[in-house]
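Hi,

Here is the structure I promised to pass along, followed by my notes on what turned up in it. Have a look at the model first, and then read on.

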Amino acid sequence: MVRRPVAWVAAIVLFVEAIGIALLNWLLGTVVDNQDMSLAGLDSDMMSLSSKVGGVVFGLYFALCGLIALLVGVRARAPGLFGRILLISAAVVHGLLGALTVGLVGWSAFAFLMVGLALIVFTLLAFDRQEGPSDAVPGASGNGDNGGAPVTGPAAPPVPSAS
(Lines give C-alpha, C1' and ligand atoms only; values in the text may rest on other atoms or scores of the structure.)
Protein backbone atom coordinates (compact mmCIF):
# COMPACT_ATOMS: atom_id res chain seq x y z
CA MET A 1 0.00 0.00 0.00
CA VAL A 2 0.93 3.62 -0.27
CA ARG A 3 0.28 4.58 3.36
CA ARG A 4 3.59 3.56 4.89
CA PRO A 5 5.88 5.17 2.27
CA VAL A 6 3.90 8.40 2.49
CA ALA A 7 4.39 8.45 6.27
CA TRP A 8 8.13 7.85 5.76
CA VAL A 9 8.36 10.65 3.20
CA ALA A 10 6.43 12.94 5.56
CA ALA A 11 8.93 12.09 8.30
CA ILE A 12 11.87 12.89 6.01
CA VAL A 13 10.29 16.20 4.96
CA LEU A 14 9.68 17.12 8.61
CA PHE A 15 13.28 16.26 9.53
CA VAL A 16 14.58 18.41 6.65
CA GLU A 17 12.33 21.25 7.76
CA ALA A 18 13.54 20.88 11.34
CA ILE A 19 17.14 21.28 10.26
CA GLY A 20 16.27 24.10 7.86
CA ILE A 21 14.28 26.11 10.41
CA ALA A 22 16.95 25.69 13.08
CA LEU A 23 19.75 26.73 10.71
CA LEU A 24 17.78 29.67 9.31
CA ASN A 25 17.01 31.10 12.74
CA TRP A 26 20.58 30.47 13.89
CA LEU A 27 21.85 32.36 10.82
CA LEU A 28 19.43 35.24 11.46
CA GLY A 29 20.54 35.40 15.10
CA THR A 30 24.17 35.48 14.03
CA VAL A 31 23.50 38.28 11.52
CA VAL A 32 21.75 40.35 14.19
CA ASP A 33 24.65 39.70 16.57
CA ASN A 34 27.33 40.61 14.00
CA GLN A 35 25.58 43.76 12.81
CA ASP A 36 24.77 44.87 16.37
CA MET A 37 21.33 45.88 15.14
CA SER A 38 18.57 47.17 17.35
CA LEU A 39 14.86 47.30 16.71
CA ALA A 40 13.02 50.06 18.57
CA GLY A 41 15.61 50.08 21.33
CA LEU A 42 15.57 46.32 22.00
CA ASP A 43 18.79 44.73 23.14
CA SER A 44 20.52 43.17 20.12
CA ASP A 45 22.08 40.41 22.25
CA MET A 46 18.65 39.40 23.50
CA MET A 47 17.26 39.46 19.95
CA SER A 48 20.10 37.26 18.76
CA LEU A 49 19.73 34.81 21.64
CA SER A 50 15.94 34.61 21.28
CA SER A 51 16.24 33.95 17.54
CA LYS A 52 18.69 31.10 18.16
CA VAL A 53 16.64 29.60 20.99
CA GLY A 54 13.43 29.94 18.99
CA GLY A 55 15.08 28.20 16.03
CA VAL A 56 16.26 25.32 18.18
CA VAL A 57 12.84 24.93 19.84
CA PHE A 58 10.99 25.12 16.52
CA GLY A 59 13.47 22.67 14.98
CA LEU A 60 12.97 20.24 17.86
CA TYR A 61 9.20 20.58 17.42
CA PHE A 62 9.44 19.65 13.74
CA ALA A 63 11.87 16.83 14.57
CA LEU A 64 9.40 15.44 17.12
CA CYS A 65 6.62 15.63 14.52
CA GLY A 66 8.93 13.82 12.10
CA LEU A 67 9.58 11.14 14.70
CA ILE A 68 5.83 10.66 15.16
CA ALA A 69 5.36 10.34 11.38
CA LEU A 70 8.27 7.88 11.23
CA LEU A 71 6.73 5.76 13.98
CA VAL A 72 3.41 5.80 12.13
CA GLY A 73 5.18 4.52 9.03
CA VAL A 74 7.14 1.85 10.86
CA ARG A 75 4.25 0.57 12.97
CA ALA A 76 1.64 0.98 10.22
CA ARG A 77 -0.99 2.24 12.63
CA ALA A 78 -2.44 5.58 13.63
CA PRO A 79 -0.61 7.75 16.15
CA GLY A 80 -1.92 8.13 19.68
CA LEU A 81 -3.65 11.22 20.96
CA PHE A 82 -0.42 13.15 21.63
CA GLY A 83 1.02 12.24 18.23
CA ARG A 84 -2.22 13.14 16.48
CA ILE A 85 -2.29 16.54 18.22
CA LEU A 86 1.33 17.17 17.20
CA LEU A 87 0.70 16.23 13.57
CA ILE A 88 -2.47 18.35 13.41
CA SER A 89 -0.59 21.32 14.86
CA ALA A 90 2.21 20.76 12.32
CA ALA A 91 -0.38 20.79 9.53
CA VAL A 92 -1.79 24.08 10.82
CA VAL A 93 1.73 25.54 11.05
CA HIS A 94 2.41 24.46 7.47
CA GLY A 95 -0.76 26.17 6.29
CA LEU A 96 0.12 29.41 8.07
CA LEU A 97 3.75 29.36 6.95
CA GLY A 98 2.63 28.64 3.40
CA ALA A 99 0.37 31.67 3.44
CA LEU A 100 3.24 33.84 4.69
CA THR A 101 5.96 32.48 2.42
CA VAL A 102 4.02 32.91 -0.81
CA GLY A 103 4.41 36.67 -0.45
CA LEU A 104 7.80 36.81 1.24
CA VAL A 105 9.79 34.03 -0.41
CA GLY A 106 7.89 32.91 -3.48
CA TRP A 107 5.86 30.14 -5.02
CA SER A 108 8.55 27.45 -4.74
CA ALA A 109 8.66 27.75 -0.94
CA PHE A 110 4.86 27.79 -0.90
CA ALA A 111 4.77 24.60 -2.99
CA PHE A 112 7.27 22.89 -0.67
CA LEU A 113 5.18 23.75 2.38
CA MET A 114 1.96 22.63 0.71
CA VAL A 115 3.57 19.29 -0.21
CA GLY A 116 4.55 18.94 3.45
CA LEU A 117 1.00 19.83 4.48
CA ALA A 118 -0.45 17.27 2.08
CA LEU A 119 1.90 14.56 3.37
CA ILE A 120 0.97 15.26 6.98
CA VAL A 121 -2.76 15.32 6.25
CA PHE A 122 -2.52 12.11 4.22
CA THR A 123 -0.61 10.45 7.05
CA LEU A 124 -3.33 11.49 9.50
CA LEU A 125 -6.21 10.39 7.30
CA ALA A 126 -4.72 7.18 5.90
CA PHE A 127 -4.08 5.75 9.35
CA ASP A 128 -7.25 7.16 10.88
CA ARG A 129 -9.37 4.02 10.93
CA GLN A 130 -8.49 1.43 13.54
CA GLU A 131 -9.06 -2.04 12.13
CA GLY A 132 -10.18 -4.63 14.60
CA PRO A 133 -13.17 -6.66 15.75
CA SER A 134 -15.60 -3.88 14.86
CA ASP A 135 -14.76 -4.44 11.17
CA ALA A 136 -15.91 -8.06 11.35
CA VAL A 137 -19.32 -9.35 10.33
CA PRO A 138 -22.06 -7.94 12.58
CA GLY A 139 -23.04 -10.34 15.31
CA ALA A 140 -19.85 -12.36 15.02
CA SER A 141 -18.11 -10.80 17.99
CA GLY A 142 -18.71 -13.87 20.18
CA ASN A 143 -19.07 -11.88 23.38
CA GLY A 144 -22.66 -12.87 24.13
CA ASP A 145 -24.31 -9.78 22.76
CA ASN A 146 -27.68 -9.72 21.04
CA GLY A 147 -26.42 -11.31 17.80
CA GLY A 148 -26.10 -8.12 15.79
CA ALA A 149 -29.69 -6.96 16.25
CA PRO A 150 -30.02 -3.18 16.49
CA VAL A 151 -30.17 -1.82 19.98
CA THR A 152 -33.17 0.39 20.66
CA GLY A 153 -33.72 2.69 23.56
CA PRO A 154 -36.80 2.89 25.77
CA ALA A 155 -39.99 4.17 24.21
CA ALA A 156 -40.65 7.87 24.51
CA PRO A 157 -43.43 8.87 26.93
CA PRO A 158 -46.65 10.07 25.31
CA VAL A 159 -47.06 13.79 24.93
CA PRO A 160 -50.13 15.10 26.77
CA SER A 161 -52.54 16.95 24.53
CA ALA A 162 -53.61 20.43 25.43
CA SER A 163 -57.42 20.62 25.78
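Serine 48 sits in helix α2, where helices are DSSP runs of H or I with at least four residues, strands are E runs of at least two, and both are numbered from the N terminus. Leaving aside residues up to four places away in sequence, serine 48 touches Gly29, Thr30, Val32 and Asp33; contact here means heavy atoms within 4.5 Å.

Before going further, the ground rules. This is a predicted model, in which local features need pLDDT of at least 70 and side-chain atom pairs count only at pLDDT 80 or more, while totals for chains, interfaces and linings use all residues. Residues are numbered from 1 along each chain as its sequence is written, and side-chain values use heavy atoms, with hydrogens and water left out.

**The chain overall**

The protein chain has four helices and zero strands, in the order α-α-α-α along the sequence. Of its 163 residues, 28% are buried. Among contacts with a separation of 6 or more, 66% join residues 24 or more positions apart. The chain exposes about 10800 Å², with carbon and sulfur atoms supplying 72% of that; these areas come from the Shrake-Rupley method with a 1.4 Å probe, and for residues only the protein chains shown count as cover.

**α1 and α2**

α1 has 33 residues and reaches 48 Å from its first C-alpha to its last, close to the 48 Å expected at 1.5 Å a residue. The expected span of a helix is 1.5 Å times one less than its number of residues. α2, with 32 residues, reaches 46 Å between its end C-alpha atoms, close to the 46 Å expected.

Which residues of α1 are buried? They are Val6, Ala7, Ala10, Ala11, Val13, Leu14, Glu17, Ala18, Ile21, Gly29 and Val32. These buried residues pack against α2, α3 and α4. Valine 32 counts as buried because its relative accessibility is 17%. The C-alpha atoms of valine 32 and serine 44 are 12 residues apart along the chain and separated by 6.7 Å.

Back on α2 (residues 44-75), you will find serine 51. Serine 51 counts as buried because its relative accessibility is 18%. Not counting residues up to four places away in sequence, serine 51 touches Asn25, Leu28 and Gly29.

**After the helices**

Most residues other than glycine have a negative phi. Just after α1, aspartate 36 takes a positive phi of about 55°. α2 is followed by alanine 76, whose phi is also positive, near 55°. Alanine 76 lies in the loop between α2 and α3, and it counts as partly exposed because its relative accessibility is 30%.

Alanine 78 is found in the loop between α2 and α3 too. Is alanine 78 buried or exposed? Alanine 78 is buried, with a relative accessible area of 12%. Alanine 78 and leucine 124 are 46 residues apart in sequence and 7.3 Å apart in space, C-alpha to C-alpha.

**α4**

The 20 residues of α4 should span 28 Å at 1.5 Å a residue, and its end C-alpha atoms are 28 Å apart, which agrees. The buried residues of α4 include Leu113, Leu119, Ile120 and Leu124. What covers the buried residues of α4 includes α1, α2 and α3.

**The largest pocket**

The largest pocket has a volume of about 400 Å³. A pocket is found on a 1 Å grid over the protein atoms alone, as an open set of points where a 1.4 Å probe fits, with protein on both sides within 12 Å along at least five of seven lines; lining residues have an atom within 4 Å of a point. Grid points are joined across faces, edges and corners, and the volume is the space filled by probe spheres set on the points.

This pocket is lined by 17 residues, of which Ile21, Leu24, Leu97, Thr101 and Leu113 lie nearest its centre. The elements giving two or more residues to the lining are α1 (3-35), α2, α3 (81-104) and α4 (107-126). α1 supplies the largest share, seven residues. The lining divides into 13 nonpolar, three polar and one charged; Ala, Val, Leu, Ile, Met, Phe, Trp, Tyr, Cys and Pro count as nonpolar, Asp, Glu, Lys and Arg as charged, and the others, Gly among them, as polar.

Best wishes

Key
Buried means under 20% relative accessible area, exposed over 50%, partly exposed in between (1.4 Å probe, protein chains only).
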